[in-house]
Amino acid sequence: MGLSFQNLSRKHMTFPEVFQYIYSFIEKEPASTYRLIIGTDSQVHGRHTRFVTGIVIRREGKGAWGCIRKFDIPTRIECLHSKISIETTLTEQIAQLFTPQRKRQLINIIIPHIKEGSSLTIEGHIDVGQGERNKTKVYVEEMVKRIEEHGMKPFIKPQSFVASSYANRYTK
């Protein structure tokens, strides 16, 4: 899979390189609480729709490292359900790159530090919300179930900051 990721300091990272950054980030302070978060947002432009998936490893109270993947579809996707569904699919695809073997590698770093409070959760941030005025509220249950099926803890607005803030920043 020839996916390319980037952040402010590095362009054109492969997924194995992204994984190595995450691994090293956890390895530096293994006795911490970690959240591995994946989320996607999109923006319709003139002749295309841009999707941006963010991957963030967050050390609670002690920083984070993240990167994005941009993906353009050469058409304007106006249907809200289609856009939300594609966003969720892209999040699922990136989550699948964290194979059981890779997850085990990360867990093996923190296991010796469990008694010190070390933990790792994997989250899927979805750009939907349940607010009364939120047009995406009808899709919340469907998208949450999809994220749960991949073993991730789902978060929706306003807690889904990787999709609604981090990835959103790069869709423009």
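Reply:

**The sheet and its surroundings**

In this predicted model, strand 1 (residues 33–44) and strand 2 (residues 49–59) run antiparallel and are joined by eleven bridges. In general, strands of a sheet pair through backbone hydrogen bonds, in either a parallel or an antiparallel way.

These two strands belong to an open sheet of five strands, whose order is 3-2-1-4-5 and whose pairing is mixed. At the edges stand strand 3 (64–73) and strand 5 (153–157); each has a single partner strand, so one side of each is left without a neighbour in the sheet. On average, neighbouring strands of this sheet are turned by 20 degrees against each other, with direction ignored.

Next come the helices at the sheet. Helix 3 (residues 100–110) packs on the sheet and touches strand 1 and strand 4. The direction of helix 3 makes about 125 degrees with that of strand 4. Helix 5 (residues 161–169) lies across strand 1, strand 2, strand 3, strand 4 and strand 5, and runs at about 60 degrees to strand 1.

Another contact joins two helices. Two packed helices are described by the angle between their axes and the distance between the axes. For helix 2 and helix 4 (residues 140–149), the axes come within 10 Å and cross at roughly 10 degrees. That makes helix 2 roughly parallel to helix 4, because angles under 35 degrees count as roughly parallel. On the side of helix 2, the contact is made by His81, Ile84, Ser85, Thr88, Thr89, Thr91 and Glu92. Helix 4 contributes Glu142, Met143, Arg146 and Ile147. By class, the residues of this contact are three nonpolar, five polar and three charged.

The last item is a cavity. A search of the whole structure finds one cavity of 30 Å³ or more, and the space in the largest cavity is about 40 Å³. Its lining consists of Thr40, Ile84, Glu87, Thr88, Thr91, His125, Ile126, Asp127 and Ile147. Helix 2 (80–97) and strand 4 (119–129) each supply at least two residues of this lining, and the largest share, four residues, comes from helix 2. The lining has three nonpolar, four polar and two charged residues.

Notes: Residues numbered from 1 in each chain as written. Predicted model: local features only at pLDDT ≥ 70, side-chain atom pairs only at ≥ 80, totals over all residues. Heavy atoms only, no water. 1 Å grid on protein atoms, 1.4 Å probe; cavity = no way out; pocket = protein on both sides within 12 Å on 5 of 7 lines; lining within 4 Å. Points joined across faces, edges and corners; volume = space filled by probe spheres on them. Nonpolar A, V, L, I, M, F, W, Y, C, P; charged D, E, K, R; others polar. Pairing = 2+ DSSP bridges. Axes fitted to C-alpha atoms, helices over the stretch in contact; angles between N-to-C directions. Contact = heavy atoms within 4.5 Å. Parallel < 35°, antiparallel > 145°, perpendicular 65-115°, else oblique.
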